[in-house]
Each structure stands twice: as structure tokens, then as C-alpha cells.
Amino acid sequence: MKQQQFEADHAALWTEISALLEGAGTDQRALPALYRRLCQCLALSSQRGYSPALTDYLQKLVGACHRRLYGTAIERPNTLVRWMLVDFPCRVRAEWRLLLLTCLAFFGVALGVGLLVWFKPQWAYSFASASQLADYREMYQPGRTSVGRGGSEGDVMMFGHYIWNNVSIGFRTFAGGIFGGIPALVSVAFNGMHLGVIAAWLSRDPATAHQFWSFVITHASVEVTGLLLCGMSGIRLGLALIHPGRRTRAHALYETSQTMFPVIVGGSLMTFLAAFIEAFWSASSVVPINVKYAVGGTCWVLVIGFFLFAGRGKQ
């Protein structure tokens with residue numbers, strides 16, 4: 001087809017598109033279909049070697065249509081915000097049975113071992129050495145410059161130490177779940193046992209009891225929750241390998257890792273936040289104990305409320 005005949009056949013289409021772009025057209029919903037025909041015209045013009053003036057005209061018209069269809073500023077959800085405020089808590093609630101299991105493993109063991117040490121203090125030496133128990137009692141003595149620390153390390157140095165410690169524990173707990181979920185559950189229970197022993201040992205002395213509980217109450221709200229979520233994610237991966245259903249184990253592991261990704265990343269972020277609070281807030285001796293209790297209680301309420309209510313109705 002010659003260029004003159006080509007222009008005559010499609011002039012009405014180009015005129016209609018120009019009118020729609022200028023706002024003179026009446027049916028804007030027709031633009032996508034017209035846009036597809038216009039792209040075909042541009043492809044034919046380039047393929048047949050029509051004049052550069054015609055090709056440039058069609059190229060500019062296609063660009064204008066593309067901007068109208070795809071470049072309009074519309075309200076798009078913030079992916080990161082939606083992931084944290086909707087996908088993360090909704091996925092945790094969907095795995096409430098595993099969360100309950102990890103909570104029982106942590107708090108159940110902590111309570112059981114804590115009561116044992118409370119009523120029979122000599123049992124504390126079965127879980128920790130005498131030097132370790134003495135060091136803990138020394139760290140939480142009243143009047144210390146930095147509560148909960150054995151040396152003279154600064155806040156920034158301890159912040160780095162807490163990050164490494166918290167994240168490494170969470171990662172080991174998660175990674176251990178790949179072996180049927182049992183190592184992850186054992187890791188959660190072990191950390192619960194450690195908390196129960198130290199808490200009961202220090203709580204027998206009122207002086208160290210207030211120092212200890214005011215130190216842990218704030219950052220424990222996110223640190224313990226992050227640990228439980230890492231354990232829950234690891235157990236879910238292990239269960240996918242044990243019971244893949246009608247999928248291959250590789251496919252089951254891939255799908256489960258995709259599903260649990262928001263949970264493991266959210267748990268890691270919580271442990272990171274816990275390190276910051278522990279280094280710059282919990283260890284401070286300037287903040288009154290009653291204030292730490294109030295802030296810590298508020299943090300626990302916020303964390304529990306977040307996982308109970310965040311994201312409901314927004315899936």
C-alpha cells in the first residue's frame with residue numbers, strides 16, 4: 001500500500017485519537033482500543049518505510065496515548081507500608097496454631113523453670129554456673145551506671161552486640177526449623193528456660209528484682225515476639241518438608257518460604273528494634289523505674305494489639 005492510500009485509510013482514526021487526547025472526545029473509554037490500532041499503524045509505517053515525517057507523527061501520538069493511559073498519577077498503595085501493616089500481621093494470624101505452640105514452648109518452659117528455681121533456688125545451679133549467676137546478680141545491682149551490663153561498654157558498642165546476638169538467635173531458630181521443626185521449637189524452649197532461671201533467681205531479691213524487670217519489660221515486647229515469629233516460620237518450613245501434600249518437597253518448600261517471608265523479615269526487624277531499645281533505653285539508669293514499667297506495659301499492649309487487629313478487612 002502506498003503512503004497516500006495508507007494516510008487516507010487511517011486519517012479518521014488519528015483525528016479521533018487526537019480529539020480524545022485534547023479532551024474533545026465524548027467516550028474516553030474507547031481510547032485503549034484505539035491505542036492498539038494506533039500502535040499497529042506505527043508498526044506498519046516503520047516496516048513499510050514510509051516518510052520520517054509520518055513515522056514521527058505517529059510516534060508522538062503513540063507516546064501521548066501511552067502517557068494518558070499509563071502515566072496518570074493515581075493512588076497506589078505503598079508496598080512497604082502495606083506489607084508491614086497488612087500482610088505481616090495477617091500472615092501471623094493465619095498461623096495462630098503455630099504461634100500458640102511457640103508461645104507455650106517459651107512461656108510454659110519459662111514459667112515452669114522459674115517456679116522451680118523460685119521455690120528451690122539450688123536448682124538454679126543445674127541450669128547455670130555459680131559464676132554466671134553471680135555475674136547476673138552484679139549486673140542488676142541498684143546504683144549501677146548502666147543496668148544489665150557486665151563491663152563499661154558504651155551504648156553504641158552494646159547496640160552492635162545486641163543486634164548480633166538477637167538477630168543470630170532468631171536466624172538460628174528459623175534455620176533449625178528446616179529439620180522437621182523440632183530444633184526451632186527446642187531453641188524457643190531453651191531461651192524460655194534461660195529467661196525463667198534468671199528471672200526467678202534475681203526476683204528473690206527485691207533490689208535486683210526491680211532492676212531486672214524494669215530493664216527487660218520494654219525491649220522484651222519486641223525481642224521475645226520476634227523470636228517466637230522466627231521459630232514459627234522455621235516450624236512451618238519443617239512441616240512443609242514433612243508433609244508436602246501433592247506437591248514435590250522442593251515446590252512445597254518454595255511456596256511456604258514465599259508465604260512466610262513477611263513473617264521472618266518482620267520478626268528480624270522486631271529483633272533489630274529490640275536491640276536499639278535495649279542499648280539506649282533499657283540500660284539507662286537515668287530513666288526512673290516506674291517510667292520504664294509504664295513504657296514497657298504500653299509496648300506490650302501495642303504489640304499484642306497490632307497482631308490482633310492490624311490489617312483486618314484490608315486483604
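These legends walk you through several views of one predicted protein model.

In this predicted model, local features need pLDDT of at least 70 and side-chain atom pairs count only at pLDDT 80 or more, while totals for chains, interfaces and linings use all residues. Residues are numbered from 1 along each chain as its sequence is written, and side-chain values use heavy atoms, with hydrogens and water left out.

View 1. Welcome to the overall picture: the protein has 12 helices and zero strands. Helices (H or I, at least four residues) and strands (E, at least two) are DSSP runs, numbered from the N terminus. Along its principal axes, the C-alpha trace spans about 100 × 50 × 35 Å. The radius of gyration of the protein is 31 Å, whereas a compact globule of 315 residues would have one near 20 Å; this radius is taken over C-alpha atoms, and the globule rule is 2.2 Å times the number of residues to the power 0.38. Of the 315 residues, 41% count as buried. Here buried means under 20% relative accessible area, exposed means over 50%, and partly exposed lies in between (1.4 Å probe, protein chains only).

**View 2. Two residues, histidine 194 and glutamate 22, with 72 Å between them**. Histidine 194 sits in helix H9 (residues 182-203). It is partly exposed, at a relative accessible area of 38%. In sequence, histidine 194 and glutamate 22 are 172 residues apart, and the 72 Å in space runs from C-alpha to C-alpha.

**View 3. A nonpolar patch on the surface**. Patches are made of residues with over 30% relative accessible area and no salt bridge; like charges are joined within 9 Å, and nonpolar side chains (Val, Leu, Ile, Met, Phe, Trp, Tyr) within 5 Å. One of the members, leucine 115, belongs to helix H5 (residues 96-119) and is partly exposed, with a relative accessible area of 43%.

**View 4. A salt-bridge network of Arg91, Glu95 and Arg236**. The structure holds four salt bridges, each a side-chain nitrogen of Lys or Arg within 4 Å of a carboxyl oxygen of Asp or Glu. Arginine 91 meets glutamate 95 at 3.8 Å, N to O. Glutamate 95 is buried, at 10% relative accessible area. For arginine 236 and glutamate 95, the closest N and O atoms are 2.8 Å apart. Arginine 236 lies in helix H10 (residues 206-242) and glutamate 95 in the loop between helix H4 (79-94) and H5, so this pair ties together parts that are 141 residues apart in sequence.

**View 5. Arginine 137 and aspartate 205 in a salt bridge**. The side chains of these two residues meet at 3.8 Å, N to O. Their pairing links distant parts of the chain, 68 residues apart: arginine 137 is in helix H7 (residues 130-139), and aspartate 205 is in the loop between H9 and H10. Arginine 137 is partly exposed at 26% relative accessibility, and aspartate 205 is partly exposed at 25%.

**View 6. Serine 282 and its polar contact with histidine 219**. Serine 282 is found in helix H11 (residues 249-282) and counts as buried, at 0% relative accessibility. Its side chain makes a polar contact of 2.9 Å with the side chain of histidine 219. A polar contact is a pair of N or O atoms within 3.5 Å; within protein, one must be able to donate a hydrogen and the other to accept it, and residues adjacent in sequence count only if both atoms are side-chain atoms.

Methods:
Areas by Shrake-Rupley, 256 points an atom, 1.4 Å probe, with all protein chains shown as cover.
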